Amino acid sequence: MPKTLVADLPSFYAARNAGAHPALLFIHGAGAQNGLWMDTARRLENMGVFAPDLPGHGQSEGTPSDSIPGYAQWLIAFADAIGLDRFIPVGHSMGGGVALQLALDYPQRAEGLILVASGARLRVHPDRLAALRDSDPVMYTDMLACDAFDVMARLGELHVPTLVINGTDDDRTPLKYASFLHDRIAGAEMVVVDGAGHEVMVERPAEVAAAIQDFVDRLSTSA
């Protein structure tokens, strides 16, 4: 994987078709790394693909953020470091929260928005937080960020083409979360993957890639 410096720290990312437009910036979920996106991303055509490891995750150095706005700010710095001005953030679970926050706080940077198995609020049960406190510090920090995240009241601020993808069998971000996003974001589209769980892009990469490809192709045609 190539690397760049963000806040003077090495940050690793995967890239395909780096000079193509539009560019998609894939954001992984809590405690994860960019590899979860690879089966989906390699199926996409006629677009640039960038998938970083967030700070303190995978091969990237640094400290995980305990806030979703902190991750959004880091991603803007990452995009600046690799020369991406405008792009489509694509986020899974916590990464979807980061993508939402980015589109809300930096609307001039987002050409579109793709939210996969995510929500506008990502509360975490206190028992899960307690169990993670000593066993998995990276996941614990990410879960703190998720638990504090809530942009339900801000969805009306979004005026960017948006695609929401969710599996019917997702028990962590259930379908009602996706329906809420679809209903509250103006003009949002929704694709439901029957029988898929929370890791929908790992379980059904071809279907998720087809949904993303169709959305981006139509977005490019209308631009």
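Tutor: Let us begin with accessibility: a residue is called buried under 20% relative accessible area, exposed over 50%, and partly exposed in between. Please bear in mind that the model is predicted.

Student: How does Asp105 count on that scale: buried, partly exposed or exposed?

Tutor: Asp105 has a relative accessibility of 33%, so it counts as partly exposed.

Student: Where is Leu5 placed, and which residues is it in contact with, leaving aside neighbours within four places in sequence?

Tutor: Leu5 belongs to strand 1, which covers residues 3-6. Apart from neighbours within four places in sequence, Leu5 is in contact with Pro10 and Ala81.

Student: Let us turn to Thr173. Why does Thr173 count as buried?

Tutor: Thr173 counts as buried because its relative accessibility is 3%, and the cut-off for that class is under 20%. Thr173 sits in the loop between strand 7 (162-167) and helix 6 (175-184). Its contacts, with neighbours within four places in sequence left aside, are Ala117, Ser118, Leu122, Asn166 and His198.

Student: Which polar partners does the side chain of Thr173 have?

Tutor: For a polar contact, one looks for a pair of N or O atoms within 3.5 Å. A polar atom of the Thr173 side chain lies 3.0 Å from the backbone oxygen of Ala117. The side chain of Thr173 also makes a polar contact, at 3.1 Å, with the side chain of His198.

Student: What is the setting of His198, and is His198 buried or exposed?

Tutor: His198 is found in the loop between strand 8 (189-193) and helix 7 (200-203). With a relative accessible area of 5%, His198 is buried. The side chain of His198 makes a further polar contact with that of Ser93, at 2.9 Å. Not counting residues up to four places away in sequence, His198 touches several residues, among them His92, Asp170, Arg172 and Glu203.

Student: How many salt bridges does the structure hold?

Tutor: A salt bridge pairs a side-chain nitrogen of Lys or Arg with a carboxyl oxygen of Asp or Glu within 4 Å, and the structure holds 10 of them. In one of these, the side chains of Arg154 and Asp105 meet at 3.1 Å, N to O. Arg154 lies in the loop between helix 5 (137-148) and strand 7, and Asp105 in helix 3 (residues 94-105), so the pair ties together parts 49 residues apart in sequence. Arg154 has a relative accessible area of 24% and is therefore partly exposed.

Student: What distance separates the paired atoms of Arg172 and Glu199?

Tutor: The side chains of Arg172 and Glu199 meet in a salt bridge at 3.9 Å, N to O. This pair links distant parts of the chain, 27 residues apart: Arg172 in the loop between strand 7 and helix 6, and Glu199 in the loop between strand 8 and helix 7. Arg172 is partly exposed at 47%, as is Glu199 at 23%.

Student: Where do Asp214 and Arg218 lie?

Tutor: Both Asp214 and Arg218 lie in helix 8 (residues 205-222), 4 residues apart, about one turn of the helix. Their side chains meet in a salt bridge at 3.0 Å, N to O.

Key: Residues numbered from 1 in each chain as written. Predicted model: local features only at pLDDT ≥ 70, side-chain atom pairs only at ≥ 80, totals over all residues. Heavy atoms only, no water. Helix = DSSP H or I, 4+ residues; strand = E, 2+ residues; numbered from the N terminus. Buried < 20%, exposed > 50% of the residue type's maximum accessible area, 1.4 Å probe, protein only. Polar contact = N/O pair within 3.5 Å; in protein donor to acceptor, adjacent residues only side chain to side chain. Contact = heavy atoms within 4.5 Å.
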